[in-house]
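Hi,

Here is the model I promised to send over.

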Amino acid sequence: MTKDHDDGLPDPAHRRPEDMSERTVEALGALSKALETTERARGHLYSFHQLTGTADFQLDEAVRLLHEAGHPEEAERVRAELVARDVTPGHWTFQLVEEYEDTYYRPFTAVETELTDRLAQGRRHLHEAELKRRRRS
């Protein structure tokens, strides 16, 4: 964990390089914010994946109880039409997660990391560090 220095400036890891413009700091801050939103979306996708899987396993209990209640045809319908059903044609939720990771998430993080490394010498959250300094002064 890094700490502020007595001079009121962010620690060296969060100071912008001398030749870096305010607009570049803003641009990388916007890119970082977009990545954070993508991280949240990814979390929701994992929630969707886990909740859908849980619901699928809960159907087993519904099938069992329908059988025990004397409704074998209804139990069979639930089993045949809902248990282990694709969420989109040919896909279970794990496949949607994999496609999101491969097609969108990993390229997004790679671009954000590459631009931060190239434009800010790998210094992350410069916009936030400068905001912190301004708000405290």
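**What I found**

Helix 1 packs against helix 4 (residues 126–136) at an angle of about 110 degrees, and their axes are 7 Å apart. Before I go on: this is a predicted model, so local features need pLDDT of at least 70 and side-chain atom pairs count only at pLDDT 80 or more, while totals for chains, interfaces and linings use all residues. Residues are numbered from 1 along each chain as its sequence is written, and side-chain values use heavy atoms, with hydrogens and water left out.

A word on terms. Helices are DSSP runs (H or I, at least four residues), numbered from the N terminus. Axes are lines fitted to C-alpha atoms, for helices over the stretch in contact, and angles run from 0 to 180 degrees between N-to-C directions.

**Helix 1 with helix 4**

That angle makes helix 1 and helix 4 roughly perpendicular to each other (65 to 115 degrees; under 35 counts as roughly parallel, over 145 as roughly antiparallel, and the rest as oblique). On the helix 1 side, E22, V25, E26, G29, S32 and E36 meet L126, H127, E128 and E130 of helix 4 (contact means heavy atoms within 4.5 Å). The residues of this contact divide into 2 nonpolar, 3 polar and 5 charged. For the classes, Ala, Val, Leu, Ile, Met, Phe, Trp, Tyr, Cys and Pro are nonpolar, Asp, Glu, Lys and Arg are charged, and the others, Gly among them, are polar.

**Helix 1 with helix 2**

Helix 2 covers residues 72–81, and it packs with helix 1 at about 165 degrees, with the axes 7 Å apart. These two helices are therefore roughly antiparallel, and their crossing is left-handed (the near helix is turned anticlockwise from the far one by less than a right angle; clockwise would be right-handed). L59, V63, L66 and H67 from helix 1 meet P72, E74, A75, V78 and R79 from helix 2. By class, that contact has 6 nonpolar, 1 polar and 2 charged residues.

A62 also lies in helix 1. At 30% relative accessibility, A62 counts as partly exposed (buried is under 20% relative accessible area, exposed over 50%, partly exposed in between, with a 1.4 Å probe and protein chains only). A62 and E74 are 12 residues apart in sequence and 9.9 Å apart in space, C-alpha to C-alpha.

**Helix 1 with helix 3**

Helix 1 (residues 22–68) and helix 3 (residues 93–120) pack at an angle of about 160 degrees, and here the axes are 10 Å apart. That makes helix 1 roughly antiparallel to helix 3. Helix 1 passes helix 3 in a left-handed crossing, and the contact has 18 nonpolar, 8 polar and 4 charged residues.

With 18% relative accessibility, T109 counts as buried. Its side chain reaches the backbone oxygen of R106 at 3.0 Å.

**Two spots in the loops**

Which residues have a positive phi although they are not glycines? A84 is one of them, with a phi of about 65 degrees, and A84 sits in the loop between helix 2 and helix 3. H125 has a positive phi of about 55 degrees, and its place is the loop between helix 3 and helix 4. A84 is partly exposed, with a relative accessible area of 37%, and H125 counts as partly exposed at 37% relative accessibility.

Cheers

Definitions and conventions: A polar contact is a pair of N or O atoms within 3.5 Å; within protein, one must be able to donate a hydrogen and the other to accept it, and residues adjacent in sequence count only if both atoms are side-chain atoms.
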